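Hello,

Here is the structure I said I would pass on. Please look through the sequence and the coordinates first, then read my notes below.

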Amino acid sequence: MSKQAKKRAIDSEVYYGTVPLGKEDKIYGFWDIFLITGGWAIATWAYVQGGQIATMIGLEEAVTNTFFGMTLAGLFLCLCVLITTRYGIDIWMYQKALFGYFGLVIFAVIILASQLGYDVINAEVYASSMMKVFAEFGITIPEYLTPYIATTCVIFGAWIALRGPIAVRTATRIMVPCLMALGVFIIITVFRNFSLQELLNVEPLYEAEYGSGLANYMVVLEWNIAFIFAWFASIGVLSRLVKTERSAYWGHVGGFSIVMATFTVIGVLTALAMLLATGVESVDPTDWLLELGGPVLGLLAILFVAVANVTTVAVSLYGISISTKVLKPELSFSKVVIFWSAWVVILLFWGGIWEYYSVFLALVGATSGSVVALIVVDFFIVRRQKISMKDLYRIGGRNAYRYTGGFNLMAILSFIAGVIGYLWVYEPIEAVPRNDIFLYTTATGFSMIISGLTYLLLSMIKPFNDYLRKDKKRGE
């Protein structure tokens, strides 16, 4: 095999497989990871989230709630990034140490499959925007074609994802500044048409939904926190490519928290502007741009909505596909991308993600929050930031993370305790708080406290600590 062929083979394993990255393999700096995560954040799920928030609380409360909730959640979530950057591994590879070699599989299948629901939302808005703009030009597209049009968003995203991290970086370097410019343009157009006082005076449509302003505020805070924790499933793929831990941490916080919060608030503004202009509730920025300037601005909107969603789907499919290879490294990267793309298309034709958006957020909050809490407690407190790479990769027969038949019973018990805590304070189907604890912690916050504290207390009992720390003399 020639040197060039060997290099291609190594690059394939490094960038499309599960081999840990060394310093010489890392290709992203702060601005690269900030733009990539920012591009992920700017997609239309931020506008959908903002539109939902605008129906519950006023502008002032929406701004404070969104920036506080998303920033706080991001600062905690991105602690996971330090693990992946330091060791050059995916966050799912690390979770072998947390859940066990086989326990990991159960959690990965459930969480990775559910995360792609966000791509369904993006593709739906992509299709809806196209159809509305064509309608402005007198071309009516039948509703039954919506999932077919949305599928093209998935196809374009998969095409970029298949070309790997360099293509993802190149696409976001071009697209993200344009999308940020669109956000600025939307803000300017909103305030050209309405004063700040007019926007502040808009009464939310469902202001009395939960009987008090505090309850509404905390339900929205729950949505915002769950919205951020949703991204933990994919962050390891990107952060393992970053050169320094500081760049990785603050780049992710900037993109997944600050940029996400900013564009969610822009979504709130567009929803309020639409309500003032027409009296109609909408979570689609295309509606506002069409209302403002007709087909010309609508055409501009469709261009940027398409760009945002295709880029986001590309980053998502790349990340989740690499994470999937942790479960079975011999899988072909391209086949995994195609598999997950097909899953998104199936969800599109089903249509349930859009219809049950609040339930979808609850599923994310109930699962992701508890897992993130367990990762942080396990790595930073129980293991004191030391893991055995040889045991993670089972080199030379090492299997300290086998636990009980491949399952870490303590982690699974702690996770279940967190989910029970979540359901005790919040009813996810109807999105209704069950008791006053929710008003102080939110459901995701409470589940994190329960799961993390349970795991920590168990780890302080010596026999249980020995069970968890079979690798403590193997911190290679």
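In this predicted model, 26 of the 34 residues of helix α14 are buried, so the helix is largely enclosed by the rest of the structure. Buried here means a relative accessible area under 20%. Helix α14 runs over residues 245-278 and reaches 48 Å from its first C-alpha to its last, close to the 50 Å expected at 1.5 Å a residue. The helix has a kink of about 30°, centred on Gly254. After α14 comes Gly279, which has a positive phi, near 75°.

Is Ile186 buried or exposed? Its relative accessible area is 1%, so Ile186 is buried. Which residues is Ile186 in contact with, leaving aside its neighbours within four places in sequence? They are Tyr47, Ile266, Thr270 and Trp288. For a sense of distance, Ile186 and Gly397 lie 58 Å apart in space, C-alpha to C-alpha, and 211 residues apart in sequence.

Now the chain as a whole. The protein chain contains 24 helices and two strands. A compact globule of 476 residues would have a radius of gyration near 23 Å, and the 22 Å of the protein chain agrees with that. Its C-alpha atoms fill a box of roughly 65 × 60 × 40 Å along the principal axes. Of the 476 residues, 60% count as buried. Among contacts with a separation of 6 or more, 84% are between residues 24 or more positions apart. The accessible surface of the protein chain is about 18,800 Å², with 67% belonging to carbon and sulfur atoms.

Regards

Definitions and conventions
Residues numbered from 1 in each chain as written. Predicted model: local features only at pLDDT ≥ 70, side-chain atom pairs only at ≥ 80, totals over all residues. Heavy atoms only, no water. Buried < 20%, exposed > 50% of the residue type's maximum accessible area, 1.4 Å probe, protein only. Contact = heavy atoms within 4.5 Å. Helix = DSSP H or I, 4+ residues; strand = E, 2+ residues; numbered from the N terminus. Expected span 1.5 Å × (residues − 1). Bend = angle between axes of the 7 residues up to and from the residue. Rg over C-alpha atoms; globule rule 2.2 N^0.38 Å. Areas by Shrake-Rupley, 256 points an atom, 1.4 Å probe, with all protein chains shown as cover.
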